[in-house]
Structures are given as C-alpha cells and as structure tokens.
Amino acid sequence: MSHQVVFFEEQRFRQWWLWVLLGIVGLVTVVGSGPLGMALTGAVGGFMWSLRLVIEVRDDGLYIRFAPLHRSFRRVPWPAIESVEATTYRPLREYGGWGIRWRLGAIAYNVRGSRGVFLTRPDDRDLLVGSQRSDELATAIRETMSEATRRE
C-alpha cells in the first residue's frame with residue numbers, strides 16, 4: 001500500500017571541502033601505492049558520490065533512507081514521536097560528524113550543514129534528521145501527525 005508523500009528532500013555529499021580532502025588523501029595514496037592506490041581512491045570517491053539521504057513525510061510516518069547503505073526506507077510511525085523541533089546543532093561536536101551517527105540515546109542522519117529536525121521519542125531513542133529545509137520538514141511532520149491523529 002502506497003502512502004501519500006507530503007514532504008520530500010534528497011541530500012548528497014557535495015561539500016567542496018570534502019572533495020578537496022578526498023583528493024589530497026587520494027593523491028597521497030596514489031603516490032604511495034601506485035595503481036592499487038588509484039583503484040582504492042576511485043572506489044572511495046565513487047562510494048561517497050553515490051551516498052544520499054532521502055527524507056519523506058508520508059501520511060503514516062517519517063521515512064528515512066541513507067542510500068545505498070539502506071536498501072529500503074526506515075519508517076518512524078507517528079505514535080513513536082513525542083515532539084518535533086527544528087534546530088541548529090553542531091555535527092562534529094554533538095555527533096562526531098556526518099552520515100549515520102550514534103550517541104547515547106540518539107541517532108542522527110545527516111549529510112551537510114548544521115540544521116535539522118530533532119525528534120523526541122518515547123523509547124528514549126531520539127532522532128536527529130539533518131535537513132536543508134528544517135523548518136519546512138518540522139512543519140510537515142507536525143501537521144501530518146496532527147491530521148493522522150484526527151483521523152484515528
């Protein structure tokens with residue numbers, strides 16, 4: 001059964017500084033290891049280029065997919081969310097960087113920037129979703145949760 005998508009966002013690792021850093025590491029690796037280093041650098045670069053965070057708000061929950069690491073969406077149903085807040089955070093200091101990040105009592109999915117939506121959950125496993133449109137995402141979650149509650 002397909003559910004209506006109310007909000008959609010896709011983010012990729014396209015920060016200039018990341019690609020400069022990968023280029024420098026790749027250059028050092030190629031110089032030190034020759035063809036093997038070149039192949040390894042190409043594989044890492046290709047993998048980083050393919051990574052993308054897809055966020056969807058549907059009528060039955062929040063869907064998150066960090067492709068190609070996740071083959072399918074991770075669904076957070078509305079009853080599993082207590083509160084929603086658009087927030088500014090510090091990816092390096094608070095979560096140790098970007099990607100899929102774990103810390104005590106929370107998980108973060110982020111690709112770039114320092115804005116996102118923080119979801120408090122009743123199971124004490126809070127969730128941060130990085131977003132370039134965090135205010136829109138938080139509003140979409142709140143409104144869709146509210147509509148779903150009214151329908152029940």
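In the predicted model, histidine 70 is in contact with Ile64, Arg65, Ile100 and Tyr109, when its neighbours within four places in sequence are left aside. Histidine 70 lies in the loop between β3 and β4, and because its relative accessibility is 7%, under the limit of 20%, the residue counts as buried. Proline 68 is found in this loop as well, the loop that runs between β3 (61-67) and β4 (74-77). The peptide bond that leads from alanine 67 to proline 68 is cis, and its omega is near 0°. For comparison, most peptide bonds are trans.

The search for aromatic pairs, carried out over the whole structure, finds two of them. In one of these, the ring centres of tyrosine 63 and phenylalanine 73 are 6.0 Å apart and the ring planes stand at 80°, so the pair is edge-to-face. This pair links distant parts of the chain, since tyrosine 63 belongs to strand β3 whereas phenylalanine 73 belongs to the loop between β3 and β4, ten residues apart. Tyrosine 63 is buried, with a relative accessible area of 8%, while phenylalanine 73 is partly exposed, with a relative accessible area of 26%. Tyrosine 89 and tyrosine 95 form an aromatic pair that is likewise edge-to-face, with 6.0 Å from centre to centre and 85° between the planes. Both tyrosine 89 and tyrosine 95 are buried.

In soluble globular proteins, nonpolar side chains tend to be buried together. The largest nonpolar core in this model holds 29 residues, of which Leu62, Leu127, Leu137 and Ile141 touch the most other members. Two or more residues are given to this core by each of the elements β2 (52-58), β3, β7 (106-110), β8 (115-120), β9 (126-130) and α4 (134-151). Helix α4 provides the largest share of the core, namely six residues. Leucine 127, when residues up to four places away in sequence are not counted, touches Leu62, Ile64, Val76, Ile107, Tyr109, Val117, Phe118, Leu119 and Arg121.

Not counting residues up to four places away in sequence, glycine 37 touches Thr29 and Val30. Glycine 37 and leucine 27, which are ten residues apart in sequence, are 8.5 Å apart in space when the distance is taken from C-alpha to C-alpha.

Definitions and conventions: Residues are numbered from 1 along each chain as its sequence is written. This is a predicted model: local features need pLDDT of at least 70, side-chain atom pairs count only at pLDDT 80 or more; totals for chains, interfaces and linings use all residues. Side-chain values use heavy atoms; hydrogens and water are left out. Helices (H or I, at least four residues) and strands (E, at least two) are DSSP runs, numbered from the N terminus. Buried means under 20% relative accessible area, exposed over 50%, partly exposed in between (1.4 Å probe, protein chains only). Contact means heavy atoms within 4.5 Å. A nonpolar core is a set of buried Ala, Val, Leu, Ile, Met, Phe, Trp, Tyr and Cys residues joined through side-chain atoms within 4.5 Å. Rings of Phe, Tyr and Trp (its six-membered ring) pair if their centres lie within 6.5 Å; planes under 30 degrees apart count as stacked, over 60 as edge-to-face and the rest as tilted.
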